[in-house]
Amino acid sequence: KYQKSIRMPNIKMFFKSNKTEIKKEDSSKTQDLAIITQMNQEFATSLDLNETLQTALEVIIKRLNAQAANIFLIEDKKQVFQCIASKYQSYLDEYEIPLTQGVMGKAVLQKKCIRVGDVRKDVREIAEFYFDLDNKTNFTTYSVLCSPLIAANECIGVIHCLNKKTNTKLFEEGDRQLLETLSAPAALAIRNAKMAKELIEKNRMQKEIEIVGEIQKSLLSKNKNENFPIAGINIPAKVVSGDFYNFSELGDGRYGFGVADVSGKGIKSSLLMSKASSLYRCLSKTIFSAADLLNLLNKEICETAARGMFVTMLIGIYDSVKKELLLANAGHEPPLIYSKDGKFTNFTEAGPPLGIMPKINYKEASIKFADSSMYIFTDGITEIKDPSGEMLGAEGFQDYIVKYKDKHNNVRLKIIVEDIIKSGKIQKDDLTIVVIDSLK
């Protein structure tokens with residue numbers, strides 16, 4: 001009886017204590033589940049990256065009772081960590097940390113949350129890393145938690161917590177497990193917000209490109225419906241074009257025209273083309289020598305063109321009274337001249353493209369031009385291919401010229417381009433044609 005009276009209370013006390021611990025554990029899990037649910041709800045309402053980051057840090061600092069926390073994202077090109085959000089630790093945005101360095105590097109490499117219980121007792125290179133970082137940021141690190149941010153099996157960065165706000169200032173194993181749990185929804189939210197930001201940036205850039213495209217179109221001459229000897233057409237392969245044409249009436253029966261093509265593709269080419277076209281539009285109003293105009297354009301483009309970029313350009317003046325053409329060519333495709341007797345000839349004289357050498361004296365030539373049409377075009381026409389890979393070429397282009405020779409010049413160019421594309425040819429470059437018809 002005496003032994004029973006001793007043992008029974010101990011057994012009751014054991015079960016009572018165990019139940020208390022289970023209740024505390026259940027309560028903690030319920031609390032953490034509520035926090036994760038709250039995080040997911042808050043993240044779902046915002047695709048703003050900065051707002052998402054600040055929300056994540058506030059929730060994590062409060063739950064872990066941490067002194068400071070930071071989020072570092074991986075910059076793939078430089079292979080470094082960049083701090084993009086920080087709470088209660090300054091100056092981190094001034095530093096880029098190599099992916100292989102410190103506890104952050106180890107967390108990413110091992111793809112698990114790492115705890116450094118006491119930095120001062122850590123004999124590895126991790127301790128030296130924090131001492132160095134503390135000196136730079138005017139902060140004192142005692143204990144560290146670092147969890148990788150993994151979303152869709154991709155590590156995009158780390159969450160970094162410093163110093164627990166207790167007497168010891170040291171994180172425990174339970175804190176590590178908790179941060180590992182909390183980092184999962186945070187990683188997903190950050191990835192979604194980052195993708196949203198990139199999409200917004202891409203849309204913004206696309207709108208800016210479209211504006212550049214509209215500006216370029218405004219620099220092209222407008223075709224005239226009346227009996228005007230010159231017409232042009234430009235169909236960009238993308239939103240912006242590396243091709244340009246312009247024509248204008250100079251008075252006394254003279255008409256000036258220019259066609260150009262910039263090497264390469266994309267924004268850089270379109271910007272150079274915008275410069276070349278603006279210079280031509282301005283200078284062609286006062287300089288009536290094709291050679292002098294090319295010389296001046298070449299000098300200006302050589303001063304600012306990026307290395308390896310150049311412009312091919314053909315400039316001319318049509319004198320309807322003298323029935324002649326004055327032409328100068330800077331590396332452009334030889335134009336096709338189609339006479340009314342059905343014969344094709346080329347103007348083949350040419351100097352180097354603009355932007356290669358600053359000191360070049362371009363030559364101009366005068367040719368008779370009556371009862372004929374001259375077609376100036378870019379290589380997007382002759383190099384356009386059918387599905388089997390065969391290029392149209394100059395001879396193929398001639399077939400379309402003959403086919404629609406009786407159409408008005410403005411309508412003629414539209415039909416030629418439409419027919420080329422409808423025939424199954426695949427456009428990969430800008431298509432540009434300018435035609436000059438001799439007046440009766």
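**Exercise 1. Find which ring the charged end of R254 sits over, and list related ring contacts.**

Solution. Start at R254: its charged end sits over the ring of F288, 4.9 Å from the ring's centre. The rule asks for NZ of Lys or CZ of Arg within 6 Å of the ring centre and within 35 degrees of the ring normal. Next, take K224, which lies over the face of F228 at 5.3 Å from the ring centre.

A word on the model before we go on: it is predicted, so local features need pLDDT of at least 70 and side-chain atom pairs count only at pLDDT 80 or more, while totals for chains, interfaces and linings use all residues. Residues are numbered from 1 along each chain as its sequence is written, and side-chain values use heavy atoms, with hydrogens and water left out.

**Exercise 2. Classify the ring pairs F129 with Y130 and Y245 with F247.**

Solution. First, the rule: rings of Phe, Tyr and Trp (its six-membered ring) pair if their centres lie within 6.5 Å; planes under 30 degrees apart are stacked, over 60 edge-to-face, and the rest tilted. The count comes to 10 aromatic pairs. F129 and Y130 are 5.0 Å apart centre to centre with 80° between the planes, hence edge-to-face. Y245 is buried at 5% relative accessible area, and F247 is buried at 6%. Finally, step back: ring pairs link F228, Y245, F247, Y255, Y318 and F369 into a cluster.

**Exercise 3. Work out the strand order of the open sheet that has 5 strands.**

Solution. Strands here are DSSP runs (E, at least two residues), as are helices (H or I, at least four), numbered from the N terminus; two strands pair if DSSP finds at least two bridges between them. The order is β8-β9-β10-β11-β14, with antiparallel pairing. At the edges, β8 (243-251) and β14 (365-368) each pair on one side only. Inside, 7 bridges join β10 (residues 311-319) to β11 (residues 324-330), and D319 stands opposite E324.

Technical notes: Buried < 20%, exposed > 50% of the residue type's maximum accessible area, 1.4 Å probe, protein only.
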